[in-house]
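Visitor: I have a new model open on my screen and would like to learn how to read its features. Could you walk me through them?

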Amino acid sequence: MLSDRLKAKFDSVIARYPLKRSAIVPLLLFAQDEIGYVSDEAVEEIARRVGVNPIEVIEDIGYYSMLHRQPVGKFHLQVCTNISCMLRGGEKIFEHCAKELGIEHKQTTPDGLFSLEEVECLGACCGAPAMQVNYDFYENVTPEKLDALLADLRKKDQGSRIKD
Amino acid sequence: MAEPIKLSIDGKPVTVPPGTLLIEAAKQVGIEVPSFCYYPGLSLQGACRMCLVAIEKMPKLQTACTTVVTNGMVVHTDTPEVANTRKSMLEFLLTNHPLDCPVCDKGGECELQDAVFRYGAAETRFLEGKLHEEEKKFSNLVYYDRPRCILCFRCIRVCDEGMDVNAYGIGFRAAHSEIIPNRGEQLECEECGMCIDICPVGALTSGTYRYKTRPWEVTYTGTICNHCGDGCRTTLSVRNNVVIRANNRDHSGLNGEFLCVKGRFGWDFVNSERRLKSPLLRKNGKQEEASWEEALTFTVERLKTILAEHGPGAVAVIGSNRTTNEEDYLLQRFARTVLGTNDIDHHRTADFSSLVRALTEAGATDRYATIEDISAAKSLLLIGNDPTHQHPLIAYQIRQAVRQHGARLYIVNSREIKLRRQSSQYLQVKPQGEAEAVRALAGQAPAAQDLCAGGTGALTALADALKKESDTVILFGDEIQGQTVNDLVTCGLTLPGKTRFVALGDYANSRGAADMGLLPDTLPGYQPLSNEKARERMESAWAAKIPAAPGRNIRSIFEGIRAGEIKALLVFGANPVKTFGLDNAALTGLQLLFVAELFRTETAELANVVVPAASFAEKSGTVTNTCGEVQALKRTMRQAGTRSDLEILLALARLFGQRWTYQSPEDVLREIIALVPGYDIPLPSLLVGRAVPTHPEGRPPALERPDLVFSSRDSLFTSGTLSRYSWALNSVDEAKKPYGHAF
Ligand code: SF4
Ligand code: SF4
Ligand code: SF4
Ligand code: FES
Ligand code: FES
């Protein structure tokens, strides 16, 4: 079941678009933020609300790499290996990440804490190599900075788990 | 008519109507512009860039498939630049294409292969490894091979626009883009296979055809689908006496490229293991194999005894909805003149007789609509029936009319049929309310307040809308029969323009069965038996007497058997036990039950004599679709042990000492053309594969009782008894609850 909060959000977002179907991508993002990924139920609900066939919503999810059909880790690491980042060592960052976490592209650690994805340009070329963790950007990443970041994220998780 | 447009293509002057696409204009002067995503009749895509041409005064090459011609346009399709571009486009298309032509189903009829052959792209500058993906099974009938896909989106568009199923999408992005089905890894759809047919390459392949043959190893025969009453032309591909594919290869005829799941995949009953291959004769209570001679002699001897002891009133005949016109014609001749009985009928699935009578009485026998009239109509009124399931081609043509030229579709139905999505007005009436709605529209009887949900206002709105239309095509199902047909015709003819009519009947030759007089009170061509002149005309042609009194209809035949009055029943290509829900005791009083059939049906199981009949693929002749268009079946193959119903009838007549001189189905057809009113059709048109409309004229007697006309309500995946013997039709999940899908 989608929460009432999410449904209310859907209503207000759709109202902002003259053409309902233009709201598909924002709706997907809101759904993903709440559920952690885009569930079948969310697909059906969005399709129904904007008046398209569910397969058209699925097409959009496939097109945008930041939308997920399966749950991802609590921290979703997106490492850019596109041209600017590649020239500045992005691929090494990605490999380092993979080695440290023991997972590959589009995989999640068994504890569900981290997932890794190799992504195209994040629009942060001036700070290449760049990466994104959930919605936060990290620029001029080096293997050392990355290790620190991972440690930091693990700690954050501890904190949140104790609080839970 | 607006002024035509004049332009020049490769120096040739071309004149075409305004709005013509450049690619079509080029075709008219024999210039082929290669294309993949362009497909006539579908929306424009402009995806493949294969059709680029040079147009003077335009800066870059333009896509011929999306450019509309303008006056004075000067186009070049043969410059080095264009040639180079074609080559480069092909090089791109081949970057991930596996080039597995030697094992690809499409090899030999692949548009990509042909284009590479013509425009060349022998070398590639891409050194990266090709992206590979395993093939996917979307359903038992549809497979997808991603590496071969060139992303032309024809499949998506034909499914959305042609079928209104919307089963496909495009998943992912760039080089990873692929066609995705609507239910995760699976398709849930009408399984029509239109997407397979339209795929220019071997990306979508058919579950029944894949990896079975090379296309040049089979023989192709154009014939007519044997399932529903719409009469699609189809080409059967036969190899080693086995049918392995059906598609309308040349896109000719009334269906163009269309075939539904039954036409495209449901022919496999022809090669079913369960086909009867030998006559069966009941001996000591058990059906045992017998020779043809034994079976037929036994039948005739038994018939002679019964006739001698009880007279012709003790013999009845039930005909088929699928056998050819020639066979039906001979069957009623045999019943009336050899057996001397008019107790002959068939399962009537639409009230064709009432339509013919109503149009004749109104002097409007030019108002039978053809399939083409449906697709060209500006206004359509559909009463009852669910064409999506019962008449897939007609449903397709209705959608075409709405989509291609904005036809208005008006629907009166008690069910939420899928075509309501195309309708301008959809009047949902209470169950069985269709006839009442017609009577109210015709001003014969006021409608009850609860007839439709919105009160009777909706009915008035419908009537008003129809009065503003012209040349409306009215289609009606079995819900409308008897006097109501008359009301509908009378009222329809008062609408503006040339209103035309179609009665929607179930099987491949339901219409022919009625036309040919498989009826107890009607001679071929809807001439009432009581009409002395009509009777005498047939009598003199056949040099034999026809009993003047009308015979028993099919319900009375069953009653006659129960009452012990009928001792012998001959059944040709029908399964009345199932169709009419007869109980075990219903036929036990018979001294002879003779059944000519393809399979051991419920009726055949009870018979003393069963003879194995040839299927539609194994015989020639003609069938008449539900619109009254006659088309020719062509024999494609032989099935050892079987005989066509025509051969069976000729043999029976011979054993009765008759000297019938027919040598072939064509001889019978010539007689039909000469003798049957409305069937004076040009033979050559038939032989070249045309659908020839008929205009029957006659005043057959009124419908005796309401339970004589009823549709089987077959779904997309059923076809009376036949579909049980089709692996393909039973292989798809949708068949399990055919009416329950949301697409
Ligand atoms: S087979 Fe299914 S997916 Fe293909 S065109 Fe027909 S309905 Fe659409
Ligand atoms: S599967 Fe065939 S029809 Fe569909 S996009 Fe690919 S090549 Fe075109
Ligand atoms: S629409 Fe009817 S005639 Fe055409 S392919 Fe389907 S079953 Fe056969
Ligand atoms: S290339 Fe990495 S952020 Fe642009
Ligand atoms: S045919 Fe013109 S772009 Fe594909």
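Guide: Let's begin with pockets. On a 1 Å grid over the protein atoms alone, a cavity is a set of points where a 1.4 Å probe fits but cannot get out, while a pocket is an open set with protein on both sides within 12 Å along at least five of seven lines; lining residues have an atom within 4 Å of a point. Points are joined across faces, edges and corners, and a volume is the space filled by probe spheres set on them. In this predicted model, local features need pLDDT of at least 70, side-chain atom pairs count only at pLDDT 80 or more, and totals for chains, interfaces and linings use all residues. Residues are numbered from 1 along each chain as its sequence is written, chains are lettered from A and ligands numbered from 1 in the order in which they are written, and side-chain values use heavy atoms, leaving out hydrogens and water.

Visitor: How much space lies in the second largest pocket, and which residues lie nearest its centre?

Guide: The second largest pocket holds about 930 Å³. Its lining has 44 residues, with B:Lys106, B:Glu109, B:Glu111, B:Arg154 and B:Asp197 nearest the centre. Helices (H or I, at least four residues) and strands (E, at least two) are DSSP runs, numbered from the N terminus. With five residues, α3(B) gives the most to this lining.

Visitor: Why does the second largest pocket lie between two domains?

Guide: Domain bounds come from an automatic or database domain assignment. Domain 1 (5–93) and domain 2 (111–271) of chain B both give residues to the lining, so the pocket lies between them.

Visitor: What about the largest pocket: how much space does it have?

Guide: About 1,200 Å³. A:Ile61, A:Gly62, A:Leu67, A:Lys106 and B:Phe172 lie nearest its centre, among 40 lining residues. Two or more residues come from each of α4 (54–63), β2 (107–108) and β3 (114–119) of chain A and β9 (178–181) of chain B.

Visitor: A:Lys106 is one of those residues. What is its phi?

Guide: Here is the general idea: most residues other than glycine have a negative phi, and most peptide bonds are trans. A:Lys106 has a positive phi of about 65°, and its place is the loop between α6 (90–101) and β2 of chain A. Buried means under 20% relative accessible area, exposed over 50%, and partly exposed in between (1.4 Å probe, protein chains only). A:Lys106 counts as exposed because its relative accessibility is 60%.

Visitor: Where is the cis peptide bond?

Guide: It joins A:Ala128 and A:Pro129, with omega about -5°. A:Pro129 sits in the loop between β3 and β4 (131–133) of chain A.

Visitor: Which residues come nearest to ligand 2?

Guide: A residue is near a molecule if one of its heavy atoms lies within 4 Å of it. Around ligand 2 there are 14 residues, and B:Cys149, B:Cys152, B:Phe153, B:Cys155 and B:Cys199 come nearest. For classes, Ala, Val, Leu, Ile, Met, Phe, Trp, Tyr, Cys and Pro count as nonpolar, Asp, Glu, Lys and Arg as charged, and the others, Gly among them, as polar. The ligand 2 shell has 13 nonpolar residues, no polar ones and one charged. Around ligand 3, the shell has eight nonpolar, three polar and one charged.

Visitor: What is the mean pLDDT of chain B?

Guide: pLDDT is the predictor's confidence in each residue, from 0 to 100. Chain B has a mean of 96, and 100% of its residues reach 70 or more. For the complex, the predictor gives an ipTM of 0.84 and a pTM of 0.94.
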